[in-house]
Amino acid sequence: MRGRLLRLFGALAAAFVLTGCSMPQSGVDSLLVPPLLNEEQNEIYAALVRETGDNIKLLYPQRGENRSAFLVINLDAEVTSEAVAFYQSTAANVTSAIHMAVLDKRDGSWQSVHDISLDGTQVEDISVMRTGGVSLLAVGLGYSSDNTSLLKVYSFNGSTMDEIYSQSYQAKIISDINSDNEDDVLLITPASEEGSSYGLLYLYRDGRFRLDSEVVLDPTITRYSNILDGYLINGQRAVYLDGYRGSNAMSTEILGYEEGTGLVNLTYDPELGQRYAVDRALGAACYDTNRDGIIEVPGLTLMPGYTEEVSGAVYLTDWYHFFDGEYQKVKSSYVNSSQGYMLDFPERWVGRVSVRRTVRANETLFYEYQNGDNPIRQELLYILMARRSDWEAGEYPDYEIIDSAGGGQIVYLARVPEHSGPLSVSLTEVKKNFNRYF
Ligand SMILES: [Ca+2]
Ligand SMILES: [Ca+2]
Ligand SMILES: [Ca+2]
């Protein structure tokens with residue numbers, strides 16, 4: 001039994017090894033060995049199948065901070081933790097509705113105490129909201145058929161999960177938007193028939209969520225793909241929305257909160273038609289590149305030697321801070337999202353250094369660009385993502401470790417070829433400019 005459970009968990013865990021990341025990183029993922037789940041998770045699973053039978057499939061939240069099969073957290077007035085699990089029946093004659101089970105540890109062993117079926121076809125994310133002195137469970141449910149999701153918030157009273165809020169959305173943030181130390185819900189609504197979406201802020205008061213304020217969003221944005229909360233450079237709280245303008249361009253919209261007014265749209269005004277949006281090619285998203293809470297907004301420019309028409313064109317990402325109606329450039333970086341890293345370009349490199357993949361798997365060459373048949377005037381730097389075991393076996397003798405990932409299983413290696421001139425870079429500078437990108 002134990003062996004079978006462990007194998008089952010191993011297979012399930014393989015899909016979700018990147019706990020805490022905002023998006024799957026295919027390249028990083030492919031090199032990782034999945035972790036085994038712990039004793040407590042095995043006990044919870046055994047308690048669950050005692051109630052449901054063997055024909056179930058656990059559902060893992062697809063995004064957000066809580067990605068494991070079971071969320072273990074204290075949800076009620078009784079001091080010990082409860083466990084929450086999501087699953088679907090795999091029995092042939094049963095509907096495949098999502099179930100949420102709550103388990104509690106009683107007399108030293110886990111027992112299933114409550115089980116309800118939910119809408120949707122997948123669990124997008126789960127968050128624990130700390131609000132009104134209690135812990136609420138917020139569950140984002142997705143539908144495979146469209147872009148609209150459903151948020152449900154539950155309060156656990158010791159024996160049942162009571163639904164206290166339910167609303168459809170295309171993007172959401174659960175955070176303290178109005179800075180009163182209580183978590184709030186900020187939703188981006190699905191587009192109306194006229195094409196408009198709204199940002200809605202709900203605050204928790206007296207046991208339920210009430211609408212505090214709303215803003216109109218730019219109607220030319222057809223779909224929001226990413227939502228991030230953080231700050232502006234003056235310390236004001238702000239929510240950054242990346243969205244598609246049609247199928248060829250992306251843009252960012254920024255919402256803030258002002259005392260007395262509530263939610264405000266800092267980049268779009270429906271009456272003035274005023275827009276501060278900067279469109280870019282597809283692919284880049286807002287990010288806090290230096291983990292200081294202030295979000296950087298990306299712009300994309302082609303690296304030397306590339307044109308938009310070429311498939312696999314490589315872009316330089318210029319990062320901007322938005323404030324008071326203006327974008328100010330902070331820095332430029334090469335971002336490799338599938339391999340989970342970024343390299344800030346020294347200012348002297350911008351416009352003169354380009355990037356290409358090499359014949360070696362997961363290796364990137366940074367080189368001085370020149371016009372003509374041979375664009376590589378001078379090789380400046382190689383960066384390689386590899387298994388630590390291969391590195392330790394001596395497979396990359398000329399490289400040095402500059403960072404690691406996947407609990408140390410993966411290493412990022414750099415090699416600086418012999419070169420001289422104004423564009424040359426030292427390993428010290430490379431280490432300083434290199435950062436993980438999640
Ligand atoms: Ca409890
Ligand atoms: Ca709040
Ligand atoms: Ca930042």
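**Sheets, strands and cores**

Modeller: One open sheet has five strands in the order 20-21-22-23-29, with antiparallel pairing. Strands are DSSP runs (E, at least two residues; helices are H or I, at least four residues), numbered from the N terminus, and two strands pair if DSSP finds at least two bridges between them. The model is predicted: local features need pLDDT of at least 70, side-chain atom pairs count only at pLDDT 80 or more, and totals for chains, interfaces and linings use all residues. Residues are numbered from 1 along each chain as its sequence is written, while chains are lettered from A and ligands numbered from 1 in the order in which they are written.

Colleague: How many bridges join strand 23 to strand 29?

Modeller: Three bridges join strand 23 (residues 341–344) to strand 29, and the two run antiparallel. Tyr 341 stands opposite Arg 436 in strand 29.

Colleague: What does strand 27 pair with, and over how many bridges?

Modeller: Strand 27 pairs with strand 28 (residues 410–415) in the antiparallel sense, over five bridges. Ala 405 is opposite Ile 410 in strand 28.

Colleague: Let us turn to strand 11. How many of its residues are buried?

Modeller: Five of the five residues in strand 11 (residues 184–188) are buried. Buried here requires 20 or more other C-beta atoms within 10 Å of the residue's own; exposed requires 12 or fewer, partly exposed is in between, and C-beta atoms are placed from the backbone. Asp 184, Leu 186 and Ile 188 point one way from the strand, and Val 185 and Leu 187 point the other way.

Colleague: Which residues are bridge partners there?

Modeller: Ala 171 has Ile 188 as its bridge partner in strand 11; strand 10 (residues 171–175) and strand 11 pair antiparallel over five bridges. Strand 11 also pairs antiparallel with strand 12, over four bridges, and there Leu 186 has Leu 201 as its partner.

Colleague: Where is Gly 199, and is it buried or exposed?

Modeller: Gly 199 is in strand 12, and it counts as buried because it has 24 C-beta neighbours inside 10 Å. Leaving aside neighbours within four places in sequence, Gly 199 is in contact with residues including Leu 186, Ile 188, Leu 255 and Leu 263. Contact requires the C-beta atoms of two residues, placed from the backbone, to lie within 7 Å.

Colleague: What stands opposite Gly 199 in strand 13?

Modeller: Val 215 does. Strand 12 (residues 198–205) and strand 13 (residues 208–216) pair antiparallel over eight bridges. They form a hairpin with two residues between them, and Asp 206 in the turn has a positive phi of about 50 degrees.

Colleague: And Asp 107: where is it found?

Modeller: Asp 107 is in the loop between strand 4 (98–106) and strand 5 (109–118). Its phi is also positive, about 50 degrees, although it is not a glycine. Asp 107 counts as exposed because it has 5 C-beta neighbours inside 10 Å.

Colleague: A last topic, the largest nonpolar core. Which members touch the most others?

Modeller: Of its 67 residues, these are Ile 44, Ala 85, Leu 103, Leu 137 and Ala 138. A second, separate core has 34 residues, among them Val 28, Leu 381, Ala 386 and Val 411. A nonpolar core is a set of buried Ala, Val, Leu, Ile, Met, Phe, Trp, Tyr and Cys residues joined through C-beta atoms within 7 Å.
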